[in-house]
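This report describes a single protein model for a reader who has not seen it before.

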Amino acid sequence: MYEAGNRPARSRGAAWSPSRTRRGRRGAWGLGALAAVLLLASVVPGDAAAAQAQPAAATRAAAARDPECIRPGNAWLNPGFYWRNVFGSRLGEGTIHESSYPNPFGGRIAPGSTFTFRWRPETTRNPVGAQYHLHRVNLASVMAVADVESVTGPGTFSGTTLSAQETPPQKLGDTVVRFRIRPGTEGRTATLSSADHSLTTRWLFANINNIWENTGSISFTVASRASLGCDSSSVLG
């Protein structure tokens, strides 16, 4: 029987053909090759990224093994704060106690070296009716040249801001932050100022604003180990 166009009609039960089997094998091989290419493409970028990250990690690890190298300074910043009424009378006051050891502020420190920063807000006289105080200090400038290795105490970080809540009459303990200066930051300066501090006081059903005193700023510079004359000694005088 013939179909239109005088071509032989195909049987519904087509017979086995060697050429069809070869075409099937070629098709299966092509699909396997395509899957392998796609798998390779998905793996290589991750491997490349990991390879690029290895030198940076190795640099930091090498810097961490170097002896401490710091020329300490003697600058410190302990901002004070107080509240007053509309008549100018003080309602309460307090101090932000801050210190570093070894102290890089006012001095110079080399990459790979570490220092600890202690922070303790204290309300010495609480305004009548004040429920709590939320203390904050923005350490963005320091964290631009140093990594945070550990934090202990009541304070917690949110981004670059360290904060703690004080609820009188309870007193806050020290929050201790350990920093390590990052490689490749030589020549940069880190600053801490009274403007980096903020305070929110909850009084009855509203917040009341405080006034800062003992304002100012302190800073340190990251310097190369060679410029500081570092050898095997831990701290330079």
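## Salt bridges

The structure holds nine salt bridges, a salt bridge being a side-chain nitrogen of Lys or Arg within 4 Å of a carboxyl oxygen of Asp or Glu. The model is a predicted one, in which local features need pLDDT of at least 70 and side-chain atom pairs count only at pLDDT 80 or more, while totals for chains, interfaces and linings use all residues. Residues are numbered from 1 along each chain as its sequence is written, and side-chain values use heavy atoms, with hydrogens and water left out.

Arginine 90 pairs with glutamate 213 in a salt bridge whose closest N and O atoms are 3.0 Å apart. Arginine 90 belongs to strand 5 (residues 90-101) and glutamate 213 to strand 16 (residues 211-213), so this pair ties together parts that are 123 residues apart in sequence. Arginine 90 is partly exposed, with a relative accessible area of 36%; glutamate 213 is also partly exposed, at 25%. Here buried means under 20% relative accessible area, exposed means over 50%, and partly exposed lies in between (1.4 Å probe, protein chains only). Arg90, Glu93, Arg125 and Glu213 are linked in a network of salt bridges.

Another salt bridge joins arginine 178 and glutamate 149, with 3.0 Å between the closest N and O atoms. This pair links distant parts of the chain: arginine 178 is in strand 12 and glutamate 149 in strand 9 (residues 146-152), 29 residues apart. Both are partly exposed, arginine 178 with a relative accessible area of 30% and glutamate 149 with 40%. Glutamate 122 forms a salt bridge with arginine 120, where the closest N and O atoms are 3.6 Å apart. Arginine 120 is partly exposed, with a relative accessible area of 25%.

## Overall make-up

The secondary structure comes to three helices and 17 strands. Helices (H or I, at least four residues) and strands (E, at least two) are DSSP runs, numbered from the N terminus. Of the 237 residues in the protein, 30% are buried.

Among contacts between residues at least 6 apart in sequence, 74% join residues at least 24 apart; contact means heavy atoms within 4.5 Å. The accessible surface comes to about 14100 Å², and 55% of it belongs to carbon and sulfur atoms. Accessible areas come from the Shrake-Rupley method with a 1.4 Å probe, and for residues only the protein chains shown count as cover.

The structure holds one disulfide, defined as a pair of cysteine sulfur atoms within 2.5 Å. Cysteine 69 and cysteine 230 form this disulfide, with their sulfur atoms 1.5 Å apart. The link is right-handed, with 80° about the S-S bond. Cysteine 69 lies in the loop between helix 1 (18-65) and strand 3 (70-71), and cysteine 230 in the segment after helix 3 (225-228), so the pair ties together parts that are 161 residues apart in sequence. Cysteine 69 counts as buried, at 0% relative accessibility.

Serine 113 sits in the loop between strand 6 (108-109) and strand 7. Serine 113 is 44 residues from cysteine 69 in sequence and 5.8 Å from it in space, C-alpha to C-alpha. Like cysteine 69, which is buried at 0%, serine 113 has 0% relative accessibility and counts as buried. Leaving aside neighbours within four places in sequence, serine 113 is in contact with Pro67, Glu68, Cys69, Phe179, Arg180 and Ile181.

In soluble globular proteins, nonpolar side chains tend to be buried together. The largest nonpolar core in this model has 29 residues, and those with the most contacts inside it are Phe115, Leu139, Val142, Phe179, Leu192 and Phe220. Strand 4 (80-84), strand 7 (114-125), helix 2 (140-143), strand 11 (161-166), strand 12, strand 13 and strand 17 (217-222) each supply at least two residues of this core. A nonpolar core is a set of buried Ala, Val, Leu, Ile, Met, Phe, Trp, Tyr and Cys residues joined through side-chain atoms within 4.5 Å.

Not counting residues up to four places away in sequence, phenylalanine 115 touches residues including Tyr101, Val142, Phe179 and Phe220.

## Two loop residues

Threonine 185 lies in the loop between strand 12 (175-181) and strand 13 (189-193). Threonine 185 is buried, with a relative accessible area of 3%, and touches Pro111, Val145 and Val222, not counting residues up to four places away in sequence.

Leucine 204 is found in the loop between strand 14 (197-203) and strand 15 (206-208). Leucine 204 is partly exposed, with a relative accessible area of 40%. Together, Trp203, Leu204 and Phe205 form a nonpolar patch on the surface with about 360 Å² of accessible area. Patches are made of residues with over 30% relative accessible area and no salt bridge; like charges are joined within 9 Å, and nonpolar side chains (Val, Leu, Ile, Met, Phe, Trp, Tyr) within 5 Å.
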